Amino acid sequence: MIARTLLLAALLVPAGDRGEATGSSIEGVWKFVPAKSTEIAAWKGRVPEIVIAAAGDRVSVIQNWLERGQVAYADTFLFAPGGPPVSSPVRSVEWPDNWFMGVLASVGDERTVAGSWQAQGTDLRTTTVQPVLTSQGKTTVTTVREYVLGAGGSALTVTEQRSTRQTPVVLVFERKEATR
Amino acid sequence: MSRLSLTCLIAVLMLAAMPPAPAQTKDIEGKWELVRDKSTDIDLYEALAVEIRFDGPGLTLIWTWGTGRSFRDSLALPLGGAAVHVPVTSRVFPSNVFMGLMMPVGSVRDVRAWRPDQNTVRLEESFRIRGSQGEVPETQTSVFTLSPGGEALAVEVTRATRTSGPPVKYLLKRAGSAEGFVIRLEDNWEVAGKLSVQAFMISLQGIVNKSGPRVYLLYPEDWPFTYVQSVYDFYRAKRNYSFRELRGAEEAIGALKKYVRGYVVWDRNVRSSLTVAFTVAGLEDAVVVSEDMIPLVERAGLKPVEDLRGKFVGWNDTKIYTWAYEKYWDRCSREYIIWLGGDAGPVMKPAVADWGIFKKCFFSDLSCRVTDTSEYALSSKLLAEMKPMSLVMGWHSYAKDLEREFVKLTSAYGHRVIGLHTLPNLSFSAQIPASPGFKFTNNHHLRPGDAPVPGKKVYVTCIQTDGMGLGAWLRPGRGEIPYAWEAETNYTWMAPAMAEYFYSMATPNDFMIGCLSGPGYLYPKAVPPKLLKQLIAISREQMKELDLNVFETMDYSEGATVEGNSDLPKDIVDMYYDGMPEAIGFVNGYAPSYTFAVKDGRPFMSYDYYLSPERPEADAVADLQELARINPRRPYFELLHIRESSDVKRVKGILDRLGPEFEVVPLDVFLAMAGKDPTFKERYLVRPQKESR
């Protein structure tokens, strides 16, 4: 999974790392701000990081889970905004949306991802349909995520609404400075 | 081996491990002394001793009021009620010197005695007493009653002229019994600070307690085992213990040096030298001291038995513990070993060391991480040379490896862990039996034949980590909702009075369960199957004694829930079913796990939720509600594991907000309903099939 993520990251380099203007787009690397976010019940202090990149008609959203600064788990969504849902096989049992609930990703099944720009470059909505295993067996969870760039371009708010959860999960990120 | 013979073997092993019970007659005869905290105040004299002797048909009864300045009243009386005329030779009215009453010297007391049964003596007296207005006649009755276990003597005194106020009652214990010393420890555990004093006290405790339960240490209020003060109060209030406080190292060694044979010096510059010093302390009955404490122990007349100053400079832990192994291992216990890990670096919290000294254990904090090759190899060597099913006491080093790596390795040799490094006062508590006649009775909510029928609801039940000690037992809310607590089943023989402490405090909502995978903490997938069967058999016996019928397993030998798997294969689940036929159900995991089964109405269920102590209540409510939507069938059985740092008040606050579809039920009711209508899917850990050639 990590190798695949790195490959995608190499193919779809965020604009921020290419040294381009970053303030007007959600593209870039985003660092989690826990104080402004829903508590995420992180496993072993894992911290999320989001990498958004666009190339041609495709967008990749990578949610890394960092453990001591290293990527311990990466969840990657790759799709064409406005296009049909993209299916991909589930390869890991980890269901990172909540580590402490008795829910596993259903390995071997397919999950689908679709997305569309609500406002070009600044507001992206994705919908994933994820098969999961619970104590009562297999079911699916549909999650709608909206990635919205904040005023000034330095903050990203991700609002997750799961079909199974009454309240949204709101995660706030700040733009990570380019390291080069 | 047949089940019967195995049971007998276990019983013999358990008995052999128990400390010898103190010789004690159960007769009312003997010398008794006052338990002041549980008696009517005696104004001037403060203390009271009573001696009772029977000589054929006669009774000798001696009251001694006070200690230094005292008043003695000796009576020789026939039993059966015949009056004896006793001349009054002293004006002292000893029970109430501060009242203006006096006995008229030269008058006569008429005293009669009876022994209505073996455990009771009754005394009736008629005499005259003089107040400021002159003499009046007085009658007094004293009834002496032996407690059911023979440990205590209750004396109730009634006088004709005292008709108001609380009754006059004295509680006496056998002279010389239940007496100890208490030492308060400072909250400073820095290697460069006052750790040396705390280590000295702990070593002194372990050495002195070899000759009986004499020293109890009071740890700081925020000690991980929250019960230290409460158990101390329990020993005094319920077990009639009296303690003399020793203040500081000088006073402690002065009072207790007769039990100590020498001292061992550790090197403040090499932290591990203290760990080695504890090994020496147990074998040589030598207190551990840092260099600056040498004058203190020399003044007490002690001589050095080992000096580790400068010896280990520049050595790594493998080399240090190998040196200790070569010099001391042959004399160390093969049934108990101490991993003095936990807090690392500049701090050490070695509370369990008293037990290690008491049991002559080898101490180390070696890594159990495979990649720490040299320490791992030495860890393995030590564990391999222990008897199977030994007890590994203490904890892994937070600086070296993970809990799961430690327990996986100990399990591989069939050993069982009892944590933590901060476990206090075990050398004392191990020697206090449960009260005579005390029966461990769990708070079952099902009567024989009960078969609760689940409705179309979400049933929630809670289990608390480390119920006995680390948990929220003494924190707010206990008793307000049904709650299950992990019980340390080894306390049946290791610290029976501690088990009594918990059981006697339990409310009807507090339900104990056995844990953790065996008689002690182990990972069943890592244990050799032959030993696992024997370990389950021991757990079964301990559960019977503690009146437990639910057992909990946990296995992180293949990693934790998220990045590994904590599930069990069917063959291991079946071993628990077969080995614990009385169990009404089993629970599995720590964080959520995914093994589910049911057999003959007895479910084996994994946790569906782990309540992190950091999780805000509103988010936890949403989590539990979401699980109920993801699991749509009703009844849905939602099993919660609560980390010890969440108290019951907080948990109740979360559960109260779940809504009308949810119902919080006791664990045994939960399991009975889940066994009847198992809406969960059977699931085991499936091993990949090996390819055939």
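**Exercise 1. Which domains does the domain assignment of chain B give?**

Solution. The structure is a predicted model. Step 1: list the bounds. The domain assignment of chain B gives domain 1 as 30-174, domain 2 as 179-429 and domain 3 as 458-676. Chain B has 693 residues, of which 48% count as buried. Its secondary structure comprises 18 helices and 32 strands. Along the principal axes, the C-alpha atoms of chain B fill a box of roughly 110 × 70 × 50 Å. Among the contacts in chain B with a separation of 6 or more, 72% are between residues 24 or more positions apart.

**Exercise 2. Describe the contact of domain 2 with domain 3 in chain B, from the side of domain 2.**

Solution. Step 1: take the distance. The centres of domain 2 and domain 3 of chain B, taken over C-alpha atoms, are separated by 31 Å. Step 2: count the residues. Domain 2 of chain B brings 23 residues to the contact and domain 3 of chain B brings 24 residues. Step 3: assign the residues of domain 2 to elements. Helix 3 (228-237), helix 10 (403-412), strand 20 (416-418) and helix 11 (426-429) of chain B each give two or more residues to the side that touches domain 3 of chain B. Helix 10 of chain B gives the most to this side, with 5 residues. Step 4: sort by class. The side of domain 2 of chain B that touches domain 3 of chain B has 13 nonpolar, 6 polar and 4 charged residues.

**Exercise 3. Is strand 31 of chain B enclosed or open, and which strands pair with it?**

Solution. Step 1: count buried residues. In strand 31 (residues 636-642) of chain B, 7 of the 7 residues are buried, so the strand is largely enclosed by the rest of the structure. Step 2: separate the faces. Tyr636(B), Glu638(B), Leu640(B) and Ile642(B) are buried on one side, and Phe637(B), Leu639(B) and His641(B) are buried on the other. Step 3: find the partners. Strand 21 (residues 458-464) of chain B pairs with strand 31 of chain B in the parallel sense over 7 bridges, and Val458(B) stands opposite Tyr636(B). Strand 30 of chain B pairs with strand 31 of chain B in the parallel sense over 3 bridges, and Tyr610(B) stands opposite His641(B). The chain crosses from strand 30 through helix 16 to strand 31 of chain B, in a right-handed β-α-β crossover.

**Exercise 4. How many residues does each chain give to the contact of chain A and chain B, and which elements of chain B supply them?**

Solution. Step 1: count. Chain B gives 27 residues and chain A gives 22 residues. Step 2: assign elements. Strand 30 (609-611) and helix 16 (617-630) of chain B each supply at least two residues of the side that touches chain A. Helix 16 of chain B gives the most to this side, with 8 residues. Step 3: sort by class. The side of chain B that touches chain A has 14 nonpolar, 4 polar and 9 charged residues.

Definitions and conventions:
Residues are numbered from 1 along each chain as its sequence is written. Chains are lettered from A and ligands numbered from 1 in the order in which they are written. This is a predicted model: local features need pLDDT of at least 70, side-chain atom pairs count only at pLDDT 80 or more; totals for chains, interfaces and linings use all residues. Two residues are in contact if their C-beta atoms, placed from the backbone, lie within 7 Å. Helices (H or I, at least four residues) and strands (E, at least two) are DSSP runs, numbered from the N terminus. Ala, Val, Leu, Ile, Met, Phe, Trp, Tyr, Cys and Pro count as nonpolar, Asp, Glu, Lys and Arg as charged, and the others, Gly among them, as polar. A residue is buried if 20 or more other C-beta atoms lie within 10 Å of its own, exposed if 12 or fewer, and partly exposed in between; C-beta atoms are placed from the backbone. Two strands pair if DSSP finds at least two bridges between them. A crossover is right-handed if, with the strands pointing away from the viewer, the path from the first strand over the helix to the second runs clockwise. Domain bounds come from an automatic or database domain assignment.
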